[in-house]
Amino acid sequence: MKEVKIEICIRSLQYEELNETDRKLIDMAKEATHRSYVPYSHFSVGAAALLENGKIITGTNQENAAYPSGICAERTTLFYANSEYPDQAVDTLAIAARSQSGYLDRPIPPCGACRQVLLETEQRYGKPMRILLYSKNEIYLVNGTKDLLPLSFGGEFLD
């Protein structure tokens, strides 16, 4: 038997350690949580994507009584960015979440479906996107989706 070891590196930072652009993205993702439509879970997620052309796109999670019909903030944001600016790669994606009691104590990771969309977005443009995962105690900086989804499935398996 052979053992395969996969290592990833995620940085833990404080808000003050971020550059001005990353702080702005975090702030916009936090602000976006206030536009979420979450009448059932009361769990608001916001995302902000910085595109290569400098535009920033935000999105929120949107719920429906038939839960599978809702959509996460990450997918809302990336689908809108890819639809409106199809020739612009996403440089950085910031994600923030809050419950009824406030912003979370730990950084929130994207769900599996969102991780796949992040991966496909990176593959579409041929470059990784930086990912900022916000919490009130620390912010994780991830250098690309492969660090969130190390054994990923992509279009290369369909050839």
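Is C72 buried, partly exposed or exposed? C72 is partly exposed, with a relative accessible area of 22%. That value comes from a predicted model.

**Cysteines**

The structure holds 0 disulfides. A disulfide needs the two sulfur atoms within 2.5 Å. Another cysteine, C9, is partly exposed, at 47% relative accessible area.

**Salt bridges**

How many salt bridges does a search of the whole structure find? The search finds 5.

| Salt bridge | N to O distance |
|---|---|
| R130 and D22 | 2.6 Å |
| E31 and R35 | 2.5 Å |
| K127 and D91 | 3.8 Å |

Start with R130 and D22, which form a salt bridge. R130 sits in strand β6 (residues 130-134) and D22 in helix α1 (residues 20-32), so their pairing ties together parts that are 108 residues apart in sequence. R130 counts as partly exposed, at 23% relative accessibility. D22 counts as buried, at 4%.

Next come K127 and D91, whose side chains meet in a salt bridge. K127 lies in the loop between α3 (112-125) and β6, while D91 belongs to strand β4 (residues 90-99), so this pair ties together parts that are 36 residues apart in sequence. K127 is partly exposed, with a relative accessible area of 23%. D91 is partly exposed too, at 25%.

E31 is partly exposed, at 40% relative accessibility. R35 is partly exposed as well, with a relative accessible area of 38%.

**A charge without a partner**

R75 is found in helix α2 (residues 73-84). R75 is buried yet has no salt bridge. The nearest side chain of opposite charge is E74, 6.4 Å away. A salt bridge needs nitrogen and oxygen within 4 Å. What does R75 touch, leaving aside neighbours within four places in sequence? R75 is in contact with C111, A113, C114 and V117.

**After the strand β7**

L149 is found in the segment after β7 (139-142). Beyond its neighbours within four places in sequence, L149 is in contact with R115, Q116 and L119. L149 and F79 are 70 residues apart along the chain, and their C-alpha atoms are separated by 19 Å.

How values were computed. Residues are numbered from 1 along each chain as its sequence is written. This is a predicted model: local features need pLDDT of at least 70, side-chain atom pairs count only at pLDDT 80 or more; totals for chains, interfaces and linings use all residues. Side-chain values use heavy atoms; hydrogens and water are left out. Buried means under 20% relative accessible area, exposed over 50%, partly exposed in between (1.4 Å probe, protein chains only). Helices (H or I, at least four residues) and strands (E, at least two) are DSSP runs, numbered from the N terminus. Contact means heavy atoms within 4.5 Å. Lys and Arg count as positive and Asp and Glu as negative; His and the chain ends are not counted.
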